[in-house]
Every structure is written in C-alpha cells, then in structure tokens.
Amino acid sequence: MEIDWQKKAETYKEHYLSDLKDLVAIESVRDDSKKSTDAPLGPGPAEALNKYLDIAKRDGFKVKNLDNLVGYVEYGEGDETLAILAHADVMPAGNGWDTDPFTLTEKDGNVYGRGTSDDKGPGLAAYYGLKLIKELGLKLNKKIRFIIGTDEESEWTGMTHYFDVEPAPTLGFSPDAEFPLINGEKGNASFTINTAGTNGEEDRLVSFDSGLRENMVPRDATATIETSNNEELVVRFTKFLDELPVTGDVSISGDGVDLHVIGKAAHGMEPKNGINAGTYLALFLQQATRLGGDADRYINFIANRLHDDSRVYKLGLTYTDDIMGDLTMNVGVMKFQTGESGKIILNFRYPKGMDDQTILTKLETFGETEDFTVTEGRTMVPHYVSLEDPIVKTLMTVYRNQTGDHQAQPEVVGGGTYGRLMERGVAFGALFPHTTDSMHQANEFQPINDLIQALSIYAESIYELAK
C-alpha cells in the first residue's frame with residue numbers, strides 16, 4: 001500500500017495541537033519538595049505522565065502506569081520490542097519569557113511554551129505517528145512501546161525504573177534531540193565542589209546565586225556585597241555591564257549592594273551557545289572587591305579556572321576524539337551563603353578515550369590547593385551505535401526521502417538522551433537543521449510545520465522498523 005505520510009500527518013494537526021496545549025499547560029518540573037506517595041517526583045511530572053496516558057486511552061491504546069514514575073503505551077505483538085522513549089518533564093521556565101511559558105502560544109507559524117521543543121512537542125509527534133499507524137490498521141511484526149519518563153532533565157529515576165521492572169527493548173529511538181539522527185552521545189558526569197562559607201574583614205560576599213540545573217547555562221546571577229563604599233561598587237558594576245556581553249541591574253539595600261547579571265540560557269551540552277551570567281558575575285567580583293576567606297577562594301576559582309572555558313584548558317582537561325569531538329564543561333549551578341557553605345556544580349560531556357575518574361582526580365588536585373572537596377554525581381559512559389546498524393540505515397533513509405536532504409549524515413553530540421539506555425538506541429529528531437535550537441532557553445519554540453513533518457517521519461519510521 002502506497003502511503004502519503006505527510007498528507008496523512010496534516011490531517012492530525014488540529015488534534016495534535018490541542019493535545020500539545022494540554023501538555024504544555026502542566027508545569028511538569030521535578031520538585032522533590034512536593035513529592036508524595038502518588039507523586040514521587042512532585043505533582044507536575046506525575047500529572048503530565050497521566051495526561052499522556054489519558055490521551056492514549058482515549059485513542060484506544062493499551063497503557064500502563066508504573067508507580068507514577070514512568071508509563072507506556074503499547075501497540076501490536078511480536079517477539080521483539082521497538083521502543084520510543086520520550087519524557088514528560090521540563091526544565092524550570094526561568095526568566096526572560098515574552099509569553100506565559102505554560103500557555104501554548106501560536107505566533108508566526110510557531111508554537112511557544114516550555115516543552116514545545118524539549119520534549120513534549122517531539123514526544124507527542126512520535127505518539128501521533130504511532131496513532132496514525134494504528135488508525136491505518138497497518139500490520140507490524142514487532143511490539144511497539146511508547147515509553148514516557150518523568151525526570152529526564154535530572155536523574156532519570158523514572159526511565160531507570162522502567163528498565164528495572166520491564167524487559168529491555170530490542171531497539172528504539174528517542175525523539176528528544178535533532179534530525180537527521182544521533183548515533184553517538186558523549187559521556188555525561190557532574191561534580192559538586194563544596195566549600196565552607198567564611199569571609200574576610202574588608203568586603204564581604206553575603207550571598208551568590210546562579211543557575212537552575214547543572215545541564216543548563218545560567219541566564220541569571222545575583223550577589224549581595226557588604227562594602228565600605230557602595231557608590232564606588234555601583235559605578236564599577238555599571239561600567240562592567242557596558243563593556244561585556246551581559247546586562248543587569250544594581251541597587252543598594254540594608255544588606256549591602258545587590259548585583260544582578262543577565263546572560264543567555266542554553267543547553268549545557270554546548271555552553272558556547274549561552275552566556276553564563278554566574279561566571280561573569282564572579283569575574284566582576286574578582287576585579288572590583290577585596291574579599292577574604294572561603295568567599296575569596298570561591299570567586300577566584302570561578303573567575304580564574306571556570307569562566308569562558310567550555311573546553312577546560314584552565315583545568316588541564318582538554319580532550320578531543322576524532323569521532324565524538326571535544327570534552328566540554330558547563331558551570332551549571334553556583335551558590336554561596338556567608339557563614340554556611342558554597343557550592344559549584346560542573347557538568348562534563350566527554351568522548352570515548354576520557355572517563356569520569358580522570359576528571360574527578362584532576363578536580364581533587366585543585367581542591368587540595370583551593371581548599372574545597374569534590375563529590376561525584378550521576379555518570380553515564382559514552383554511547384555509540386554503528387553506522388551499519390539497520391536502525392541507523394532505516395531511519396536515515398526515511399529522513400532523507402521525506403526531506404529530500406540526501407547529504408544528511410548521522411551525528412555525535414554532547415547531549416544525553418534516553419536512546420543511550422538501549423544497546424541499539426539512537427536519538428532521532430525533532431529539531432531540524434534549519435530551525436533555531438531553543439531548548440532550555442526562554443521563549444522555547446518549534447515551528448508547527450516542523451512538528452507535523454516530524455509526525456510524518458516518525459510514523460513511517462515506526463512502520464519501516466516494525467513491518
């Protein structure tokens with residue numbers, strides 16, 4: 001049977017956008033402070049998961065909820081399982097939006113809202129691709145599971161739970177990245193630098209706060225400084241903002257001088273795409289204040305060793321692999337409170353040939369001289385699927401035929417997707433090469449036509465992999 005996949009996909013546009021509106025309206029940010037028995041990662045992720053499952057039940061699919069951590073939609077039968085791994089959680093919205101981040105807003109052919117690009121828009125497009133196949137009654141010889149995780153942007157608790165209690169899929173893809181196809185993902189490791197919170201006797205760092213998540217370039221940074229000359233600090237800060245690629249504001253309060261720097265948020269897999277407000281604020285404080293104690297060491301370490309150095313020259317960790325590219329570092333979270341403690345969370349994306357223990361050892365070496373300790377968080381090793389694997393060849397063929405881009409080649413990226421949880425797992429869309437990447441940023445968006453074309457590509461891809 002000859003199928004015009006794009007034409008069929010267009011018929012779903014209205015219903016797809018209606019369901020996307022409902023999903024975007026759910027502020028599905030993981031929030032452990034609000035967790036409960038029914039919402040182990042907070043109410044938002046559980047609500048978004050159940051919205052997905054309600055949509056699938058409405059459409060006549062078999063569904064299963066695994067402890068409000070993860071769930072799946074199932075279709076077809078077979079000895080092998082093709083999995084599509086998406087996530088219902090989103091990053092915190094942050095500041096700088098022109099629209100309500102949790103109201104789907106259509107403008108100039110685009111839809112704006114948190115999750116439109118990462119990952120509610122693409123995930124729902126993949127679900128609708130499966131829905132299209134079901135409603136056409138196409139015969140498949142594999143079981144299909146559309147699996148929805150609830151904390152991909154943090155610890156992967158939900159999807160890890162799935163792989164703990166359900167059989168591993170044979171192969172699959174995650175609609176949580178970009179086209180044409182990602183067959184390799186760098187390793188991913190985070191490290192927390194911990195300091196005490198002492199100050200000196202001249203200027204004092206009362207507080208420093210920047211960053212929402214380790215895998216997100218901080219857009220905003222604030223600090224409060226006690227100094228004997230408030231007016232001089234204000235003048236120097238205003239000049240600093242005029243000379244560097246950041247904006248901000250300053251005010252004097254009862255606690256001292258309150259400084260605010262505004263940079264540009266971006267996905268932590270490529271820090272060069274953002275402007276790190278926190279490291280710029282540390283650079284200013286190093287130049288304009290006379291701090292002491294832990295506060296001085298804290299600010300100097302950020303300014304001297306971390307600022308504007310995503311390739312990690314200053315820490316002596318520069319490394320490049322011919323296939324997987326550069327090791328990168330994102331300075332994701334920076335917090336200091338006088339009299340209490342300070343911390344910096346660094347997120348590294350590393351290619352094969354590098355490992356987390358080498359990074360940890362190097363950081364610990366600096367800790368010995370800078371008087372800080374280091375703890376390692378979750379680590380994922382590099383992942384690679386051969387260009388000769390049938391899943392790579394099949395998905396590339398579908399993409400090339402539907403887009404006409406016959407020069408497109410698979411890529412290796414720094415981002416980490418659920419695809420790496422499967423030995424034969426890849427990331428596949430939905431960001432097209434011609435579309436601006438707005439993931440993890442204010443005013444996140446996707447063109448409507450891109451999302452419907454992705455729906456078409458996903459439908460044919462599922463069919464070709466499972467027929």
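**Salt bridges, spaces and surface**

Let me begin with Asp220, which counts as buried because its relative accessibility is 16%. Keep in mind as we go that this is a predicted model. The side chain of Asp220 meets that of Arg219 in a salt bridge, with N and O 2.9 Å apart. Arg219 is partly exposed, at a relative accessible area of 21%. The line between the two classes is drawn at 20%, since buried means under that value.

Why do such pairs form at all? Side chains of opposite charge can pair when their charged atoms come close.

How many salt bridges does a search of the whole structure find? The count is 29. I will go through a few.

Take Arg424 and Asp389, which form a salt bridge with their closest N and O atoms 2.9 Å apart. Arg424 sits in the loop between strands E23 (411-413) and E24 (425-427), while Asp389 sits in the loop between strand E22 (383-384) and helix H10 (390-403), so this pair ties together parts that are 35 residues apart in sequence. Asp389 is counted as buried because its relative accessibility is 14%. Arg424, with 25%, counts as partly exposed.

Next is Glu464, in a salt bridge with Lys467, where the closest N and O atoms are 3.1 Å apart. Glu464 is partly exposed, with a relative accessible area of 29%. Lys467 is partly exposed too, with 46%.

Salt bridges can also join up into a network, and here one links Asp19, Arg58, Asp59, Lys131 and Glu135.

Now to the empty spaces. Rolling a probe the size of a water molecule over the atoms shows where empty space is left.

The largest pocket has a volume of about 790 Å³. It is lined by 45 residues, and those closest to its centre are Glu153, Ser154, Arg213, Glu214 and Asn215. Which strand gives the largest share of that lining? Strand E21 does, with six residues.

Helix H7 (277-288) and strand E19 each supply at least two of the lining residues. E19 has the largest share, three residues. The classes here are eight nonpolar, six polar and four charged.

There is also one cavity of 30 Å³ or more in the structure. What lines the largest cavity? The list is Ile193, Thr195, Asp294, Arg297, Tyr298, Phe301, Ile344, Glu370, Asp371 and Phe372. Strand E10 and helix H8 (293-306) are the elements that give two or more residues to that lining. H8 gives the most, four residues. The space inside comes to about 50 Å³. Of the residues around this cavity, five are nonpolar, one is polar and four are charged.

Last, some single residues and the surface.

Is Gly123 buried or exposed? Gly123 is buried, because its relative accessible area is 0%. This glycine lies in helix H4, which runs over residues 120-136.

Thr11 counts as exposed, because its relative accessibility is 51%. You will find Thr11 in the loop between helix H1 (5-10) and helix H2 (13-24). Its C-alpha atom is separated by 9.8 Å from that of Leu132, which is 121 residues away along the chain.

Finally, Ile323, Tyr384 and Leu387 form a nonpolar patch on the surface, with about 280 Å² of accessible area together. Ile323 is in the loop between strand E17 (320-321) and strand E18 (325-326). This isoleucine counts as partly exposed, because its relative accessibility is 47%.

That is the end of my list.

Definitions and conventions
Residues numbered from 1 in each chain as written. Predicted model: local features only at pLDDT ≥ 70, side-chain atom pairs only at ≥ 80, totals over all residues. Heavy atoms only, no water. Patch = residues over 30% accessible without salt bridge, like charges linked within 9 Å, V, L, I, M, F, W, Y side chains within 5 Å. Areas by Shrake-Rupley, 256 points an atom, 1.4 Å probe, with all protein chains shown as cover. Salt bridge = Lys/Arg side-chain N within 4 Å of Asp/Glu carboxyl O. Buried < 20%, exposed > 50% of the residue type's maximum accessible area, 1.4 Å probe, protein only. 1 Å grid on protein atoms, 1.4 Å probe; cavity = no way out; pocket = protein on both sides within 12 Å on 5 of 7 lines; lining within 4 Å. Points joined across faces, edges and corners; volume = space filled by probe spheres on them. Nonpolar A, V, L, I, M, F, W, Y, C, P; charged D, E, K, R; others polar.
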